[in-house]
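Please look through the sequence and the structure shown below.

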Amino acid sequence: MVGSRRLNRNAGLAVRYSGFIRSRSSFQTAVQDHLETCSDLMHRKRDGNGHMTDESGFDDTGSARPESDDELRRMSLLLSERIKELDCLYGISHIVENSGGSLDSILQETAELLPRSWAYPEVACARIAIWDDEFTCYKYAPSPWVQRAPISVHGEHAGDVEVLYLEERPERTEGPFAAEERRLLDAVAERLGHTVERLTAEHLLALGEHELRDQLTHLARVSTMGEMATNIAHEVNQPLTAIGTYADACGRMIRAGTTQDQEVLDVLGRITDEAQRAGGIVHRLRDLICKHETTRVQRDLNALILDVEQLASVDARLHDVELRLVLTPSLPTVPADGIQIQQVVLNLIRNAIDALEGMDSPPREVVVRTLVREGDEVEVSVCDSGCGLPEEVGDRLFEPFFTTKQHGVGVGLSISRAIVTAHNGRLWYSHNADRGTTFFFTLPFITEVNHGAA
Amino acid sequence: MVQHESAVFVVDDDPAVRDSLALLLRSVGLKGEVFSSAPEFLDAYDPTRPGCLVLDVRMPGMSGLELQQRLDNLHSTLPIIFLTAHGDVPMAVAAVKAGAADFIQKPFRDQDLLDKIQHAIAQDGRIREKLADRQNILSRIESLTPREQEVMEMVVDGKANKVIAIDLGLSQRTVEIHRARVMQKMGADSVSQLVQMVMRVQE
């Protein structure tokens, strides 16, 4: 039984392929239909000694006796047609999976594949037209014997898939075409429609993702230290400008001898006011950082760092820096304001990336580590293989408006330290033995259960 | 025409910066006028008043760059010195590209700002002189009759009276009379002076 052996082989194929077609429900249904038809046919063959029953849904004579040669031949023909259909649908699946997402190649290869599955492949050709594009198999030519199925994309008619016979063939259900071929062509059209939908969606998604990433980077920049730093710099700049200008004007007036003591005293008073104002800005900033205590909840630092990585990795890639995370699993949670701690980590990573600027020799990497320290603390470190910091900088690095960067403002680390200190932690750095710098910060976790609760 | 004294117009939203700048200007004998916002300055803006504008680039509401644009739309030639902050380099670049005379970063050394102000006031004086001269020449040209204007163009083109006479179908004597009238009305002593005047308005 040649047909049966082929069927078994193809059924096995179906099982193997079922994995990658499981997400295409309509397609799966189409394949399922064909499989069921095939299994019906097999069943009927195996039960060849018994009666053909109506439940197979395939018995168009209803009362035909089995074992007749005609019946067997007819079933054999049906079977081989089912197999051709299956081959065709699997073929398309294969094309789609191996297309690398190119719609053009999918449509072109499908046009080449289709004629083989029709009853008279030697005179068959195919054409797929979608929107303004047309894909034809190599022997395509217009012909009056055509079977056509519409391709709809998101419910709208987007094009057609056609199989044509270049020569006349015996009349069947639909011109020279069989009803099974109509079903197959409809299934192919539906499949192509879904493929177009999926690929265009993926294309849009890819575009969207890129834009989203840009926006995220931007957002991260403006919402963290950068924005704060610029605003603070601008705000502090005003009183500083006024102080400088008052003092200069005062000096000129005294030198010119055009002023009274009272006027000088008055200007000195204004200078003091402005100095107070600059101080007030710094105080407000500290308040801002320390006021957030209420939003502190138990946080998993690893999870916070993984979030930050998503943002920082974009920066790292842009600067050709490898960002590595070495996270100790199952860290104890710490009470923390997640956003503030993320700002600290992000700031440290950005500094580390900046430190690699102009360093051409590998490794160009930044390593973020977490570990548990004795004394009930979680430690986070950010290590770079960058240019390092001059010895004499020391702790001045954490002073506001101290910076070693050409375009830095010098508030990132001072704010970071204020945040960590407000969390009862510590922030410091050390010079690496080989090269670069490592910044550390610790946050305490609470191990003892609070028995004092009323 | 009333000759105004050059003034330094200061627009900054920060009262202390305004006040200290006013004091600095006074200490060197410059006339300063301060405004707390761009619209306040626009309301008081008088194109005939010479001087320069010291303008903060960052202000709530209308920014310095927007004010620059507005003044540009009004065909103002008042030189602008922008006050920028440390991180405002791109803004400063945009301002200079849009025709700002100069910019200075806050906080600044008083002498640097005063030098820029003097420079801008001198620039404004030159621009105004040039504009006045141009206006003067244009009004003289307007006083010519169409025929005289025609003759003047041909004289400026270097054509001899004989050629002009043929071109315009006039007698050489008539051309000579027109030409004398042109020189008189334009206040030109020589043809080369006339050519220079026409070139100055064509710039």
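Does Ser330(A) count as buried or exposed, and how many C-beta neighbours inside 10 Å does Ser330(A) have? In this model, which is a predicted one, Ser330(A) counts as exposed, with 8 C-beta neighbours inside 10 Å, because a residue with 12 or fewer such neighbours is placed in that class.

Ser330(A) lies in the loop between S6 and strand S7 (334–336) of chain A, and its phi is near 50 degrees, a positive value in a residue other than glycine. Asp320(A), found in the loop between helix H8 (301–318) and strand S6 (322–327) of chain A, also is not a glycine and has a positive phi of about 55 degrees. Asp320(A) is exposed, with 9 other C-beta atoms within 10 Å. As background, most residues other than glycine have a negative phi, and most peptide bonds are trans. The two residues are set side by side here.

| Residue | Phi | C-beta atoms within 10 Å |
|---|---|---|
| Asp320(A) | about 55 degrees | 9 other C-beta atoms |
| Ser330(A) | near 50 degrees | 8 C-beta neighbours |

Chain A as a whole contains ten helices and eleven strands, and 32% of its 454 residues count as buried. Among the contacts in chain A with a separation of 6 or more, 67% are made by residues 24 or more positions apart.

**The sheet of chain B**

In chain B, five strands form an open sheet with parallel pairing, and their order is S2-S1-S3-S4-S5. Strand S2 (31–35) and strand S5 (102–105) of chain B are the edge strands, each pairing on one side only. When direction is ignored, neighbouring strands of this sheet are turned by 20 degrees against each other on average. Within the sheet, strand S1 (residues 7–11) and strand S3 (residues 51–56) of chain B run parallel and are joined by five bridges; Val11(B) has Leu55(B) in S3(B) as its bridge partner.

Helix H4 (residues 89–97) of chain B packs on the sheet, where it touches strand S4 (80–84) and S5 of chain B, and the direction of H4 makes about 175 degrees with that of S4(B). Helix H5 (residues 110–143) of chain B lies across S1, S3, S4 and S5 of chain B and runs at about 135 degrees to S3(B). In the loop between S5 and H5 of chain B is the place of Pro107(B), and the peptide bond that leads from Lys106(B) to Pro107(B) is cis, with omega near -15 degrees.

**Two crossing helices of chain B**

Helix H6 (residues 146–156) and helix H8 (residues 172–186) of chain B have axes that come within 9 Å and cross at roughly 90 degrees, which means that H6(B) is roughly perpendicular to H8(B). From H6(B), the residues Arg147(B), Glu148(B), Val151(B), Met152(B) and Val155(B) meet Val175(B), His178(B), Arg179(B), Arg181(B) and Val182(B) in H8(B). Sorted by kind, the residues of this contact are five nonpolar, one polar and four charged.

**Where the chains meet**

The contact between the chains takes 19 residues from chain A and 16 residues from chain B. On the side of chain B that touches chain A, helix H1 (residues 15–27) of chain B gives the most, with seven residues. That side of chain B divides into eight nonpolar, four polar and four charged residues.

Key. Residues numbered from 1 in each chain as written. Chains lettered and ligands numbered in written order. Predicted model: local features only at pLDDT ≥ 70, side-chain atom pairs only at ≥ 80, totals over all residues. Contact = placed C-beta atoms within 7 Å. Helix = DSSP H or I, 4+ residues; strand = E, 2+ residues; numbered from the N terminus. Nonpolar A, V, L, I, M, F, W, Y, C, P; charged D, E, K, R; others polar. Pairing = 2+ DSSP bridges. Axes fitted to C-alpha atoms, helices over the stretch in contact; angles between N-to-C directions. Parallel < 35°, antiparallel > 145°, perpendicular 65-115°, else oblique. Buried ≥ 20, exposed ≤ 12 C-beta atoms within 10 Å, placed from the backbone.
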